Amino acid sequence: MSSEYEKDGQPSKTADASPEDANSLSKDETKKFYEDKGIDFSPDSPIRPKPIPPFEKSISDKIASKFGSKVNIDYVRPSRIRISTKKEDILDVAFFIRDELGYDHAESVAGVDYPDSKEIEVVYHLGSYTDEKLVTQVLALATRVPREEIPNPGKDSTRMTSLREVFYSVEFHERECFEMFGVYFEGHPDNRRLLLPEDWADIPPFRKDFKIKGR
Amino acid sequence: MLKEFFNQETAPHATNVLVGKLGEVLVKAIGKPLDYAINWGRIWSLWPVHLETACCSVEFGAASSPRYDVERFGIIEAFGSLRQCDLIVVMGTITRKMAPRLRMVYDQMPDPKYVIAMGACAITGGLYFDSYNVLPGIDGVLPVDVYVPGCPPRPETLIQGCMLLQEKIKRMKGA
Amino acid sequence: MATQLPPGIQLEKVDDRIMTLNVGPQHPGSGHMRLIIKVDGDYIVSCDPDPGYVHRGEEKMAEYRNYIQNIPHLERPVIHDSCNILYPYCLAVEELLGIEVPERAKYIRVIASELNRCIYTLYWLAIYGIFLGHSTMFMWPAGDRELFIDLLEAMSGARVTHAYLVPGGVRNDLPANFEERCLRQVDYLEKRLKEYQSIFYKNPILISRTEGTGILSRTDAIRLGTTGSVLRASGVDYDIRKKEPYDVYENLDFETVVRKEGDSYARSYIPYLEMFESCRIIRDAIRKMPKSGSVRTKLKPNPKGGNDEVYKRVESGRGSLGYYIVSNNRPEPYRVKISVGSFRNLICMPYLLKGELLGNMPSVYWGLNYWPVEADR
């Protein structure tokens, strides 16, 4: 069976080392089980490099010193910074990021649904073309909006300020986020449907309580 | 009937009806040999609609490329108006947004028309069997003549599917 | 025989001068999308893109499959550029799971993704040619493309859906005599590309249809957040392979192609010039590649990502392609967001088509290097 693993690295259903079996064993037993089969048993969570890169630190320090407790620096890693803020402050923070730090476009706007804490997170990935120092950097600007059990897109409290006047390039991304998560962007001129069929009547499909067929 | 024929407004329609009736009479009179002749004409000039529905269109394009050259089997490259087409190759996934449009395209094509379902998605939904926006096959939308399996099918498979369709047309009634 | 019109289809006349046209989804000049174009005479007054005809919910379905099962799934949006769309996914999963990739696998990945970039660009060039009414330009690249497909078929076993790049390296080692064969094909392609120049890029009809149409200035290219060849055609020197090198791109010898005009001609010329750079990269990578060694770090079955998130991006045939993966200690990702170049360039379409002649629509549309299946995901 181990040769099958080596071939495609994918747990096959017929293999007796299927994950369900493995989970029922204790941790040491599992380790031994895999080691007998010659499979690498590395820890689940990787060990991240500890030192914080200085240039990224200087950017996050600028944001922190300007806004203080309004923003939260989630992590600072090589070429990646993530900050989160309240949805009321996001416009100020975005203007600061654009005008003072030099980020000039949005790469994507991703929504993440957290039904347990009744929130939807909207993450803007911002980058820069003009500033030579920032070309490797991607800054994730996250904010959370309240989430309602029975969504009514556009009319309920799941709404936030659009960043279109700051970063023009978010136009289509925000439209996608609106239809997929039901987050209404105030100030966006064009909150229409984009990808889904015109007669879509179900809840926004990327929410966690929308189940796909057979799952 | 004759009155309609001389009336300026209904004349074109009446002519069509008359020609159609004459054709029917002719077919009934001559029967099988004419069937063969009509079908022979259809087989070697199948015009596909230029409707790409998903990623299988890449392999459809490759089938028209010099290496595979589907034109030598009488399947002409997909360019032109759908009013002159008699073959629709459904290239892959049909989403819920595309399905009504697909039916509209099919309805606008003149008879006789043939449908090839290309790729696993067009047959059963394929890799997207559990997606919320994908139809599980196009059987509910169009009457399919030939299924070409694969994800995506190789151009050879598509050519084989076309040849199967030609075999099928050969055995069909002419009119 | 009036068919019931589906909702959203507009066929009405807006006023006496302005007329609404539906370009697509069944149209010889559109892909799998619809452009609602308002024309005044022959001039486009406004354009409203209506994508979503191939929206299959990839991102949602990725949440129900584990990291390995997602591989064949996530390459489907761009099957003719499948190595490049899997590349950032592999990088992201490797960072999530803390996997090191063997040195030889890194070079093989680069070779595979550059070969695939050529395949993509040749297909795009074929389509671009035929939509401008240049049939020879369909036949030549579509034929030359097959030779590169043969190479990748020998590497991976499949014609277009390779699933060759996997987290931890590549699926299998190179076949025997691959280097020789690859170099021969690359030489052949370079020879052929020079012929394309004389038949297509110096063709006065092409020049008159593309030069000066759909001009995108440098400021606007940055403001609209465009990417890939559209951005580089407007004079912004930005290529992720150079600016944020992943795997072994920093060791390889190539240049970024930049043009300043910002018109359709420049946008169609840049992917063509980049194929020469791809050939350079392939040659260099074959020379510098370790001749033997492991090509894959084995993953343990059903690996779990930590409580973490990661954003990785690469330069694909259509521009920057990024994966944002959130994981929550489960074998399946919690959320996968694919930031694709086609979707980012969609914003240019209404902007560039405004005020353009209707006859120039295909050259602007296909010059954006837009692949609707990828944009819809």
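Chain B contains 7 helices and 3 strands, where helices (H or I, at least four residues) and strands (E, at least two) are DSSP runs, numbered from the N terminus. From the N terminus on, the order of these elements is α-α-α-α-β-α-β-α-β-α. This is a predicted model, in which local features need pLDDT of at least 70 and side-chain atom pairs count only at pLDDT 80 or more, while totals for chains, interfaces and linings use all residues. Residues are numbered from 1 along each chain as its sequence is written, and chains are lettered from A and ligands numbered from 1 in the order in which they are written.

Of the 175 residues of chain B, 44% are buried. A residue is buried if 20 or more other C-beta atoms lie within 10 Å of its own, exposed if 12 or fewer, and partly exposed in between, with C-beta atoms placed from the backbone. Two residues are in contact if their C-beta atoms, placed from the backbone, lie within 7 Å. Among the contacts in chain B between residues at least 6 apart in sequence, 76% join residues at least 24 apart.

The strands of chain B deserve attention next. The 3 strands form an open sheet in the order β1-β2-β3, and their pairing is parallel; two strands pair if DSSP finds at least two bridges between them. Strands of a sheet pair through backbone hydrogen bonds, either parallel or antiparallel. At the edges of the sheet in chain B are β1 (87-91) and β3 (146-148), each of which pairs on one side only. Neighbouring strands of this sheet are turned by 20 degrees against each other on average, direction ignored. Axes here are lines fitted to C-alpha atoms, for helices over the stretch in contact, and angles run from 0 to 180 degrees between N-to-C directions. Strand β1(B) pairs with strand β2 (residues 114-118) of chain B in the parallel sense over 5 bridges. In β2(B), A117(B) is the bridge partner of V90(B). Helix α7 (residues 155-170) of chain B lies across β2 and β3 of chain B and runs at about 170 degrees to β3(B).

Chain B also touches chain A: 5 residues of chain B are in contact with 6 residues of chain A. On the chain B side, these residues divide into 1 nonpolar, 1 polar and 3 charged. Ala, Val, Leu, Ile, Met, Phe, Trp, Tyr, Cys and Pro count as nonpolar, Asp, Glu, Lys and Arg as charged, and the others, Gly among them, as polar. Chain A itself has 6 helices and 7 strands, and 36% of its 215 residues are buried.

In chain C, helix α3 (residues 82-97) and helix α4 (residues 103-131) pack at an angle of about 135 degrees, with their axes 7 Å apart. The two helices are therefore oblique to each other, since angles under 35 degrees count as roughly parallel, over 145 as roughly antiparallel, 65 to 115 as roughly perpendicular and the rest as oblique. By class, the contact of α3(C) with α4(C) has 3 nonpolar, 4 polar and 2 charged residues. Helix α4 of chain C also holds T121(C). T121(C) is buried because 25 other C-beta atoms lie within 10 Å. Leaving aside its neighbours within four places in sequence, T121(C) is in contact with P271(C), E274(C), M275(C) and G317(C).

Finally, the predictor gives the complex an ipTM of 0.85 and a pTM of 0.83.
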